[in-house]
Amino acid sequence: MRIIVAGGDGFCGWPTALYLSNQGHEVTIIDSLIRRKWDQELHSNSLVPIASPQERTTRWQQLTSHRIKTYIGDLNHYDFLREVLIQTRPEAFVHFAEQRSAPYSMIDREHAVFTQVNNVVGTLNVLFALKEIAPDCHLIKLGTMGEYGTPNIDIEEGYLKINHKGREDILPYPKQPGSFYHLSKVHDSHNIMFACKTWGLRATDLNQGVVYGLHTEETLMDPVLLNRLDYDAVFGTVLNRFLIQAAVGHDLTVYGGGGQTRGFLNIMDTVRCIEIAAANPAERGEFRVFNQFTEEFSVLDLAHKVQTVAGNEGFDTHIVHLENPRVEKETHYYRATHSKLSDLGLVPHLLTEQVLRGIFLAVLQHKHRLIEANVLPKVTWK
Ligand code: NAD
Ligand code: USQ
C-alpha cells in the first residue's frame, strides 16, 4: 500500500513509518521538523539523541533496502501538500502532524492560537487535498482520548445512543476536553466527520491514550534509528517522565492527588494500531472512531509502579504531590470502551514490571543528557 505518514519525524510517527516500511508498504514521510524547533524554543532536548531525517532514512535503506521518501514541509502550506499528494497518490494518509502538548497550548495566547491554527488548518488542508487529489484515500487521523474528558458515565467509541423525549439517535459522544490542544482535536474530529458526510471521504479517528515506551523492533536495529524521548514538563508524558525522573534520582512529580485516570498504551501497540486501521479501511463516507489504548491507570498507580521497579534496581525513589498546574478532576469515574481495535486483531503489550524495567534500563543509558531545569512544571492553566 502507498502510505503517507505525516509527522513521521516525531515520537509516534517515526517508529510507525519504520514499522509500515518493514511490512512492505511504500512509505512517504511529510514533516516540517517543527518539533525539533520547539526543543530549541523550550531549551529542552530529547533524552535519546536523534539523528537527522536524512541520516535516519539513509541508514534504514542501507539496513533493509526499503526506501522511505521524505518531504520536509508544512501541512499548512496547501500547495506543498497538494504537490506531495499528486506525486505520491496515497492509498492511506496517516496524520500525526500536529502540536500535541497540552501545556504548550496553555503557555499564553500566542501558543494557544498557534496550536489551534497549526492543527485545525493543517487537517482542513489535508481534507481538501484528499478531496481534490485522492478522494478514495483512507485518512487515519490521530485524535486523543482527552477529547472526551472525564464524564461520570462510561465513554463509548465515538458515538452514543441517546433516547430523548421518546426519540432515539446515535450521536457523536459529548466532548469535554481539558486544554486548547485537546480542543484542537475536537475541532478536527468535527471537520473530518463533516468532510466524510459531505464529500464521501473515508476516515478513521484514532482517539489515542497516553503513549509510553520508546523502542520498537525497528528503532532498535541501529543507534541512528533511535526514537526521540521527551521528559520535560511541556512535552514529556506522565509515565515516561516518572521513569526518567526515577533514573536521575528526581522525586516523581504527581500533580495534585494523583487520582487522574487515563488510558495508556505502549508505543509498540501504536504502530500496530495504525497497521490495523490501514488494513481495514473505513467505507467511503464513513467517519469511524476507535479508542486506541489498552489499559487504564491513575497517575498515582503509575508512580507506585515506577517506584517499585526502580527500587528493585537499587534506586530509592520518592513520590511528591505537587500543586496541580492544570485544571482537571483529581478524583473521578473513568471507564472507556476500547474493543474495536482488539476485534480487528490487536494483541496488546501490557504494562508488566518487566516492560517497565526494560524502559527504565533503556532510559538509564541516556540519563546524563537530562536538563534538570526542564523537569518541574512551569506552565499553569490559570
Ligand atoms: P511529536 O510532536 O513527537 O510528533 C509530531 C510531528 O509532527 C513532529 O515531528 C512535528 O515536527 C510534526 N508537525 C507538527 N505540525 C506539523 C505541520 N503543520 N506540518 C508538518 N509537520 C508537522 O508528537 P507524537 O507524540 O508523535 O504525537 C503524534 C500524534 O499523536 C499527535 O497528533 C498527537 O496529538 C497524537 N497523540 C500522541 C500521544 C502521545 O502520548 N505521544 C497520545 C495521544 C495522541
Ligand atoms: N501528570 C502528573 N505529573 C506529571 C505529568 C503529568 O501528574 O509529571 C498528570 C497530568 O496532570 C494528567 C495526566 O498526568 O492528569 C496525563 O498527563 P500527560 O502530560 O501524560 O498527558 P496529556 O497532557 O493528556 O497529553 C498526552 C499527549 C497528548 C495526547 C494525550 C492523550 O501529550 O498528545 O493527546 O496524552 S490523553 O491523555 O488520553 O488525552
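Let me start at ligand 1, where a side-chain N or O atom of Gln208 comes to 3.4 Å from a nitrogen atom of the ligand, which counts as a polar contact, meaning a pair of N or O atoms within 3.5 Å, and within protein one of the two must be able to donate a hydrogen and the other to accept it, while residues adjacent in sequence count only if both atoms are side-chain atoms. Please keep in mind that this is a predicted model, in which local features need pLDDT of at least 70 and side-chain atom pairs count only at pLDDT 80 or more, while totals for chains, interfaces and linings use all residues. Residues are numbered from 1 along each chain as its sequence is written, chains are lettered from A and ligands numbered from 1 in the order in which they are written, and side-chain values use heavy atoms, with hydrogens and water left out.

The backbone also takes part around ligand 1: a polar backbone atom of Cys12 is 2.7 Å from an oxygen atom of the ligand, and a backbone N or O atom of Phe96 is 3.3 Å from an oxygen atom of ligand 1. How much of ligand 1 does the protein cover? Taken on its own, ligand 1 has 820 Å² of accessible area, and the protein covers 98% of that, with areas computed by the Shrake-Rupley method with a 1.4 Å probe, and, for residues, with only the protein chains shown counting as cover.

The shell around ligand 1 holds 29 residues, and the closest are Cys12, Asp31, Arg100, Tyr181 and Lys185; a residue is near a molecule or strand if one of its heavy atoms lies within 4 Å of it. By class, this shell has 11 nonpolar, 10 polar and eight charged residues, where Ala, Val, Leu, Ile, Met, Phe, Trp, Tyr, Cys and Pro count as nonpolar, Asp, Glu, Lys and Arg as charged, and the others, Gly among them, as polar.

Now to ligand 2, which is surrounded by 22 residues, the closest being Arg100, Thr144, Tyr181, Thr253 and Glu328. Its oxygen atoms meet the backbone of Val238, with an N or O atom at 2.7 Å, the side chain of Arg241, with an N or O atom at 2.9 Å, and a polar side-chain atom of Arg326 at 2.8 Å. The protein covers 95% of the 730 Å² of accessible area that ligand 2 has on its own.

Which element gives the largest share of the shell around ligand 2? That is strand E10, with three residues, while H7, helix H8 (238-248) and E10 (252-255) each supply at least two; helices (H or I, at least four residues) and strands (E, at least two) are DSSP runs, numbered from the N terminus. By class, the shell around ligand 2 divides into eight nonpolar, nine polar and five charged residues.

On a 1 Å grid over the protein atoms alone, a cavity is a set of points where a 1.4 Å probe fits but cannot get out, a pocket is an open set with protein on both sides within 12 Å along at least five of seven lines, and lining residues have an atom within 4 Å of a point. Grid points are joined across faces, edges and corners, and a volume is the space filled by probe spheres set on the points.

There are four cavities of 30 Å³ or more, and the largest cavity has a volume of about 70 Å³. Its lining has 13 residues, of which Gly158, Pro172, Lys175, Phe287 and Val289 are the closest to its centre, and H7 gives the largest share of that lining, three residues. The second largest pocket holds about 180 Å³ of space, and the largest share of its lining, four residues, comes from helix H9 (residues 267-279).
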